[in-house]
Amino acid sequence: MAQESPKNSAAEIPVTSNGEVDDSREHGFNRDLKRSLPAGLGLSETQITSHGFDNTKEGVIEAGTFQGSQAPPLPSVMSPSRVAASPLAQQGSDLIVPAGGQRTQTKSGPVILADEIKNPAMEKLELVRKWSLNTYKCTRQIISEKLGRGSRTVDLELEAQIDILRDNKKKYENILRLAQTLSTQLFQMVHTQRQLGDAFADLSLKSLELHEEFGYNADTQKLLAKNGETLLGAINFFIASVNTLVNKTIEDTLMTVKQYESARIEYDAYRTDLEELNLGPRDANTLPKIEQSQHLFQAHKEKYDKMRNDVSIKLKFLEENKVKVLHNQLVLFHNAIAAYFAGNQKQLEQTLKQFHIKLKTPGVDAPSWLEEQ
């Protein structure tokens, strides 16, 4: 009995009693064939080349119009046709590359690069980078100037005015400290004179034989204490006005001067950077750097010019205000001191009225807001 040859399950095609192919098995074969094809390869666009058992004849079967044959075919060898190759080429080129780097397949359209979403962290990092670069350039400029290697922009007239202002500020601060010391000492003296006057008044009541003598001294010390309080009010008013001039008005101008000096350092740093680039070669790589450096230099030059103009205006107004304030305060200080040591009580009181100075009565609290109304 001859051995039965092994049969391939894929090559078995059942036949009905009338010789026709079973349609259900044909649909199953087509379904399996579709699953075995690559993604994007149309079934109707594929040719299947099968070799018969006799190996003498080669047939081409359209996959979409498959018909049963008498001899069962061997496992098929599939080769995509030219018609199927063109959609594959199109599908391979129709790719969208998003920002994450993953590829997604679309039906049609050119290659599109998705816009990058602005990241706040990246913006902050860019600001830190610019700040670091600017700080480096300014630090290099300062070191170069201190070592005598770098050049600096100097406005001789403006620099002289700034130097005079700083020197005057130190002298005014010294006057302010001395006036505060005088006020403290005068306050102690007035306090002592008031206590001494009270002691004399008490003794004048208890010592009948020296009643008049103690009484005269009590009145004198009380008068001196009263005049001292008046002088103390004038000196305190002088101190308050000079303190406002030195620690507010002049200090505000010096803050503008510091901003001007910072702008000058930045201007010189970017000017030096531009000069170095202009001395080098000019090619495709250096021209964009030169243009960028020129743009930054122009921006810092405008800032420097603006700050220089602001400093000039503030120095002018400060000088006018300083002369007016110090003139009035020096006249007040002189008249009050002269009237006090001359014993001219009326002149001392008149000086306080002239400058609208109100004295605070010792032991009396300030009036409430309702009383002031």
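In this predicted model, Phe-238 has a relative accessibility of 6% and therefore counts as buried, the limit being under 20%.

Phe-238 belongs to one of the six aromatic pairs that a search of the whole structure finds. Its partner is Phe-333: the ring centres are 4.9 Å apart and the planes stand at 40°, so this pair is tilted. Because Phe-238 lies in helix H5 and Phe-333 in helix H6, the pair ties together parts that are 95 residues apart in sequence. Phe-333 itself is partly exposed, with a relative accessible area of 26%.

Another pair joins Tyr-340 and Phe-341; with centres 5.0 Å apart and planes at 85°, it is edge-to-face. Ring pairs also link Tyr-260, Tyr-267, Phe-297 and Tyr-304 into a cluster.

| Residue | Relative accessible area | Class |
|---|---|---|
| Phe-238 | 6% | buried |
| Gln-329 | 6% | buried |
| Tyr-340 | 10% | buried |
| Phe-333 | 26% | partly exposed |
| Phe-341 | 66% | exposed |

Gln-329 is found in helix H6, which covers residues 286-342. Neighbours within four places in sequence left aside, Gln-329 is in contact with Phe-237, Phe-238 and Ser-241.

Helix H5 covers residues 211-279, 69 residues in total. At 1.5 Å a residue, H5 should span 102 Å, and the C-alpha atoms at its ends are 98 Å apart, which agrees. H5 bends by about 35° at Glu-251.

Notes. Residues are numbered from 1 along each chain as its sequence is written. This is a predicted model: local features need pLDDT of at least 70, side-chain atom pairs count only at pLDDT 80 or more; totals for chains, interfaces and linings use all residues. Side-chain values use heavy atoms; hydrogens and water are left out. Helices (H or I, at least four residues) and strands (E, at least two) are DSSP runs, numbered from the N terminus. The expected span of a helix is 1.5 Å times one less than its number of residues. The bend at a residue is the angle between axes fitted to the seven residues ending there and the seven starting there. Buried means under 20% relative accessible area, exposed over 50%, partly exposed in between (1.4 Å probe, protein chains only). Contact means heavy atoms within 4.5 Å. Rings of Phe, Tyr and Trp (its six-membered ring) pair if their centres lie within 6.5 Å; planes under 30 degrees apart count as stacked, over 60 as edge-to-face and the rest as tilted.
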